[in-house]
Amino acid sequence: MEAIGNAGAAIGVLAKDGVVLAGEKRVTSKLLASSKSTEKMYKIDDHVACAVAGITADANILINTARVQAQRYTFSYQEPMPVEQLVQSLSDTKQGYTQFGGLRPFGVSFLFAGYDKNFGFQLYMSDPSGNYGGWKAAAIGANNQAAQSMLKQDYKDDITREEAVQLALKVLSKTMDSTSLSSEKLEVAEVSLSPQGEVKYQVCSPDELDKLLVKFGITQAKPEES
């Protein structure tokens, strides 16, 4: 839990037309090629993605397990795996590691965003003990208490995806330790439906993210270079 509390924050918001995940990228060094690896957002299957807070090495093992389980389900039943079933099986794995001495639990909290035909868009949060729950808006990582109480105040039930992005960015801007926000320090991903009814997962490009930050009034527009 300590490792998770020190990790960069991640926020999930459930909207009526999708799920938004936003995370803080901790830029440890200027020399790190951050575009080569994502630290926060991972795609598990075409219809499920997750945001991570905690020990990334632990997260990689669980994410690989989840990906294999999702593919096995699709192979057996010819349809995408229900989101909660996937979250539950992963939480069971986590819980198993808390039962015995000699093994340390996975130091990772997840926010899962997904869509299935039974329950539509869903957002789940799971912690190292194996507990999980469905949420309308949730925060994990650094300052998650403050973020959670802000979400509680500002979340509305019929929120749209754009408003959800705005809410997530606003909460991150107020709870992150850094003073100025930029696309280098943030990651935003969305799970939504295409007009054809297919589930799509997309990560916001840095340019888009900068535009969004200016549009929502979180950062000032850079002066045009003459």
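The buried residues of helix α3 (83–96) are covered by elements that include β3, β4, α2, β5, β6 and β7 (132–134), where buried means under 20% relative accessible area, exposed over 50% and partly exposed in between, computed with a 1.4 Å probe on protein chains only. Helices (H or I, at least four residues) and strands (E, at least two) are DSSP runs, numbered from the N terminus. This is a predicted model, in which local features need pLDDT of at least 70 and side-chain atom pairs count only at pLDDT 80 or more, while totals for chains, interfaces and linings use all residues. Residues are numbered from 1 along each chain as its sequence is written, and side-chain values use heavy atoms, with hydrogens and water left out.

The buried residues of α3 itself are Val83, Leu86, Val87, Ser89, Leu90, Ser91 and Lys94. With its 14 residues, α3 reaches 20 Å from its first C-alpha to its last, close to the 20 Å expected at 1.5 Å a residue; the expected span of a helix is 1.5 Å times one less than its number of residues.

Helix α2 (residues 56–77) can be read in the same manner. It has 22 residues and spans 31 Å between its first and last C-alpha, close to the expected 32 Å. Its buried residues are Asp58, Ala59, Leu62, Ile63, Ala66, Ala70 and Tyr73, and because they cover an arc of only 125° around the axis, they lie on the same side of α2. The arc is that of the directions from the helix axis to the C-beta atoms. An α-helix has 3.6 residues a turn, so residues three or four places apart point the same way. The buried residues of α2 pack against β3 (41–45), β4 (48–54), α3 and β5 (108–116), whereas the face turned away from the buried side carries the exposed residues Ala57, Arg72, Phe75 and Ser76. Just after α2, glutamine 78 takes a positive phi of about 60°.

The loop between β3 and β4 holds histidine 47, which is buried, with a relative accessible area of 4%. The side chain of histidine 47 reaches the backbone oxygen of methionine 81 at 2.6 Å. If contact is taken as heavy atoms within 4.5 Å, histidine 47 touches Pro80, Met81, Val83, Ala113, Gly114, Tyr115, Val191 and Val199, not counting residues up to four places away in sequence.

Val83, Ala113 and Gly114 are also among the residues that glutamine 122 touches, with neighbours up to four places away in sequence again left out, and Leu14, Val19 and Phe112 are others in that list. Glutamine 122 is found in strand β6 (residues 120–126) and counts as buried, at 7% relative accessibility. A polar contact is a pair of N or O atoms within 3.5 Å; within protein, one must be able to donate a hydrogen and the other to accept it, and residues adjacent in sequence count only if both atoms are side-chain atoms. The side chain of glutamine 122 makes such a contact with the side chain of tyrosine 124 (2.8 Å), and a polar atom of the glutamine 122 side chain lies 3.0 Å from the backbone oxygen of glycine 120.

Strand β1 (residues 10–15) is mostly covered, since six of its six residues are buried. Both of its faces are covered, with Ala10, Gly12 and Leu14 on one side and Ile11, Val13 and Ala15 on the other. Two strands pair if DSSP finds at least two bridges between them. β1 pairs with strand β2 (residues 18–24) in the antiparallel sense over six bridges, and a hairpin joins β1 to β2 through two residues. Four bridges join β1 to strand β8 (residues 137–140), and these two strands also run antiparallel. Valine 13 stands opposite valine 20 in β2 and opposite alanine 137 in β8.

Valine 13 leads on to the nonpolar cores. A nonpolar core is a set of buried Ala, Val, Leu, Ile, Met, Phe, Trp, Tyr and Cys residues joined through side-chain atoms within 4.5 Å. The largest has 49 residues, and those with the most contacts inside it are Ile11, Val13, Leu111, Leu151, Leu169 and Leu186. Helix α5 (residues 161–175) supplies the largest share of this core, seven residues. Apart from it lies another core, of 21 residues, among them Tyr42, Ile44, Leu62 and Ala66. In soluble globular proteins, nonpolar side chains tend to be buried together.
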